[in-house]
Amino acid sequence: MTTATSPSARSARRDLRVLVVGAGMSGILSAIQLREAGFDDVVVYEKADRLGGTWRENTYPGIACDVPSHLYSYSFAPNPEWSHRFSPGAEIQAYLEDVAHRYGVDARIRFGREVTGARFDRGRWHLEFADGARDVGDVVIAATGVLHHPNVPDLPGMDGFEGALFHSARWEHDVPLDGRRVGVVGTGSSAIQIASALVDRVAELVLFQRTPQWIAPVQNLAYGEEEKAEFRRRPEAMQALRDEISRAFIEGFANVLVDADSPLLGVIHEACVANLENSVKDPVLREKLRPDYRATCKRLVMSEDFYDAIQRPNARLAIEGIERIEPGGVRTRDGRLHELDVLVLATGFRVDRFVRPMRVAGRDGVALDDVWKQGPFAYMAISVPGFPNFFMLNGPNAPVGNFSLIDVAELQLGYILQLLEPVRAGAGDEISVSAEAMARFDAERQEAARRTIWASGCRSWYLDARGLPTAWPWSFDRFREGMSAPCFEDFEMRRRGAP
Ligand SMILES: Cc1cc2nc3c(=O)[nH]c(=O)nc-3n(C[C@H](O)[C@H](O)[C@H](O)COP(=O)(O)OP(=O)(O)OC[C@H]3O[C@@H](n4cnc5c(N)ncnc54)[C@H](O)[C@@H]3O)c2cc1C
């Protein structure tokens, strides 16, 4: 843990009070990196009573990362103890808690503090909390999470279900599962992990599929004691592994998603087709599981055991569509009642709820909700015109492909720290992207978005209300390059109180 700034340079700088909202992976990162950059006045507000965000909230059976663990780790805190290539969620939660503790972040977090309002007034940000408390600071970093608000479908009759019904991100651990009849709604990564983990425990498993998914074959091997000992002894071996995985992911995956014509996408598609053909014996089931869009158009699901799970005698795939929920189970459109004791909604998240329901008002009281009426957007995924010193991590238009969002957040934070340098040096007080740069960026982004694989003809959470992908539509290399040095001409710097 080094301090990037010398004491004399630090004393020449103004102290800025930074208010971070959210203590998930991005908020913890912010607290660590801000301190290392010499920011001494940093507070992290977290509405829950524990840090971890995604990994605190998602505790469903089978939860694991689908980006290799040695890549899904902070670059500055490698972890020789990962148990698997794709380690379980509880291990990730423990890792985040351990890193926060080791880097002294937990002392900066105020738990049980939900930020309900953030108002920019006379050059400073005024936060309001659900309990009526207030705070004032110079900078706000919104690390509120993109996959945070559960998407709960409005299925007719849901309230009358006599069994247990809950969203995958709100798992009810006191509900018994062994030997019971369990339904899972959805076919995203969570649903696939849950179905695979539960099939051997339950009497019956029914997977309600609206859209089939391409499944990429992966092997989730355990790291043996010898490998872990080697990582402990030789951290450079762990770093080499991370570099190798990172290169493979970026070159073979992240960079190609943004070019729907890339031949590499064809290779990924064929691997998924072969996985389906080779794994699913029954031709009727195989066709039910076969998507009619290209692999990676939706977020690619990685699984080593889903096809096995869905072929078990006690598993059933229901593709007819849900008509309604009845007290005893789920009635599908073919008239069949699937009798169930437990119904899990693995129906994803409201990605358009980023930052919300917090009310954010920028310069002249302009509400972020009004600016984002057509959907959230941000210049370089970080700044919005008229919202000075307000920055987002893993927010709108950020990269979301199947790679480590920890990498994304680290790059973004490095960019934010550079944006704050002139403010700390006293060159101005308030920095935000100019309206012109925002408009230019968004026009280019929309144009590029049309060429990505995500726009190749499927329905997914990557798309906005107009059907346009919202994610970073260029290569990961371009993202990294863009984050390496802000283009300051695209930003407006003002003195406090200047018109
Ligand atoms: C099941 C699942 C599996 C995933 N697997 C991967 C993976 O393999 N690889 C990968 O890169 N990504 C994965 N992700 C994405 C994952 O969300 C990110 O990697 C990362 O954990 C996000 O961290 P975050 O801090 O940005 O957001 P979050 O983890 O969502 O944390 C946001 C925090 O902000 C708090 N908060 C929100 N609003 C307020 C408020 N108004 N006031 C105070 N506190 C607030 C929340 O309580 C939460 O603690 C997965 C997501 C899910 C749901």
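Two strands count as paired here if DSSP finds at least two bridges between them. I start with that because the sheets in this model rest on it. The model is a predicted one.

Strand 4 covers residues 115-121, and three bridges join strand 4 to strand 18. Those two strands run parallel. If you want a place to look, find alanine 118: valine 360 in strand 18 stands opposite.

What comes in the loop between strand 17 and strand 18? Proline 357 has its place there, with strand 17 being residues 342-345. The peptide bond that joins arginine 356 to proline 357 is cis, with omega at about 5°.

At the strand 3 end, two bridges join strand 3 to strand 2, residues 42-45, and the two run parallel. Tyrosine 45 stands opposite arginine 110, which is in strand 3.

Next, the ligand. How many residues surround the ligand, and which are the closest? There are 33, and the closest are Ser26, Glu46, Thr54, Tyr72 and Leu405. By type, the shell divides into 15 nonpolar residues, twelve polar and six charged.

- Threonine 54 has a side-chain N or O atom 2.6 Å from a ligand oxygen.
- For tryptophan 55, again through an N or O atom of the side chain, the distance is 3.3 Å.
- Aspartate 66 uses a backbone N or O atom, which lies 2.7 Å from a ligand oxygen.

Taken alone, the ligand exposes 980 Å², and the protein buries 97% of that. Which elements give two or more residues to the shell? They are helix 2, residues 25-36, and helix 3, residues 54-57. Helix 3 gives the most, with three residues.

On to the aromatic side chains. Searching the whole structure turns up 23 aromatic pairs. I will show one of them, phenylalanine 249 with phenylalanine 253, where the ring centres are 6.3 Å apart and the planes are at 50°, so the pair is classed as tilted. The cut-offs matter for that label: planes under 30 degrees apart count as stacked and those over 60 as edge-to-face, with the rest tilted.

One last item, on the backbone. Threonine 296 is not a glycine, yet its phi is positive, at about 80°. To find threonine 296, go to the loop between helix 9, residues 283-289, and strand 12, residues 301-303.

Methods:
Residues are numbered from 1 along each chain as its sequence is written. This is a predicted model: local features need pLDDT of at least 70, side-chain atom pairs count only at pLDDT 80 or more; totals for chains, interfaces and linings use all residues. Side-chain values use heavy atoms; hydrogens and water are left out. Helices (H or I, at least four residues) and strands (E, at least two) are DSSP runs, numbered from the N terminus. A residue is near a molecule or strand if one of its heavy atoms lies within 4 Å of it. A polar contact is a pair of N or O atoms within 3.5 Å; within protein, one must be able to donate a hydrogen and the other to accept it, and residues adjacent in sequence count only if both atoms are side-chain atoms. Accessible areas come from the Shrake-Rupley method with a 1.4 Å probe; for residues, only the protein chains shown count as cover. Ala, Val, Leu, Ile, Met, Phe, Trp, Tyr, Cys and Pro count as nonpolar, Asp, Glu, Lys and Arg as charged, and the others, Gly among them, as polar. Rings of Phe, Tyr and Trp (its six-membered ring) pair if their centres lie within 6.5 Å; planes under 30 degrees apart count as stacked, over 60 as edge-to-face and the rest as tilted.
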